Amino acid sequence: MNVEPPEGPGTPVGRRVLLGTLGLGALGVVSAPALQRTLEGFLGAAADQDPTGLTGLLPNGGGFRYYSVTTSVPRPRAADYRLTVGGLVERPTSYTLADLRALPQTRLVKDVQCVTGWRVPGTPFEGVRLSRLLDAAGVRPSAGAVRFTCFDGAYSESLTLDQARRSDVLVALRMRDEDLGHAHGGPVRLYVAPMYFYKSAKWLSGITVTEKVRPGYWEERGYDVDGWVGRSNGRDDAPTN
């Protein structure tokens, strides 16, 4: 995995509004895996340095769009990565990447649905069930929610404790049978299979058990806190579960 020295968190920027593709539709039908990975890597790197959001409109062979709410995102070395679990727990914990990889892994294959409309069918994710990390930490009786923070310094998300304990909610380490790359939120991201993709926070760094749900980055800007696909945000998309 290519790594770079850590940077400081970038400056938050506004929402990328998808107005349609930018006349580069041919890029969206790249099928050769090597070409697809090259294109995704190029667009991911470009989006990471693009405060305008225009690169988020570009199609690519994998069907994903690249979003960040800051002008840059640090790239921690694999050896330096830590995921903390704290808040209303009996045993606060810090996991290295190796620690997470050593735990039992769950593989899910579901559609990915963005609230802006695009959908990527049959996308494999692998990782540790969030419920396993919560059980290991020992959730206190007063807890009712889980908050997630990210090493971009700006993004956050929350789930109720019942939602967080679902079997289809992962602390994901792999996507499409490869280790999570930086553009897709690696080395570790949240994956909430039955909810719109904004709930699956990228660049995950902290899990904090709390009493109540605290609205995340996009919920503070109008998105639904309970982001069920097809049952929220005024949309009627087919469910992903």
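## Fold

The protein chain has four helices and 10 strands (DSSP runs, with helices being H or I of at least four residues and strands E of at least two, numbered from the N terminus). Read from the N terminus, the order is α-β-β-α-β-β-α-β-β-α-β-β-β-β. Of its 241 residues, 51% are buried (under 20% relative accessible area, with exposed over 50% and partly exposed in between; 1.4 Å probe, protein chains only).

A quick note on the source: this is a predicted model, where local features need pLDDT of at least 70, side-chain atom pairs count only at pLDDT 80 or more, and totals for chains, interfaces and linings use all residues. Residues are numbered from 1 along each chain as its sequence is written, and side-chain values use heavy atoms, leaving out hydrogens and water.

## A salt-bridge network

Arg101, Arg107, Glu126, Arg174, Asp177 and Asp179 are linked in a network of salt bridges (a side-chain nitrogen of Lys or Arg within 4 Å of a carboxyl oxygen of Asp or Glu). Arg107 pairs with Asp177 at 2.8 Å. Asp177 sits in the loop between strands E7 and E8 and Arg107 in strand E3, so this pair ties together parts 70 residues apart in sequence.

Arg107 also meets Glu126, at 3.8 Å from N to O. Here Glu126 is buried at 17% relative accessibility, while Arg107 is partly exposed at 44%.

## Arg189, buried without a partner

Over in strand E9 we find Arg189. Arg189 is buried but has no salt bridge, and Glu157, the nearest side chain of opposite charge, is 10 Å away. A polar atom of the Arg189 side chain does lie 2.8 Å from the backbone oxygen of His184.

Notes. Lys, Arg positive; Asp, Glu negative; His and termini not counted. Polar contact = N/O pair within 3.5 Å; in protein donor to acceptor, adjacent residues only side chain to side chain.
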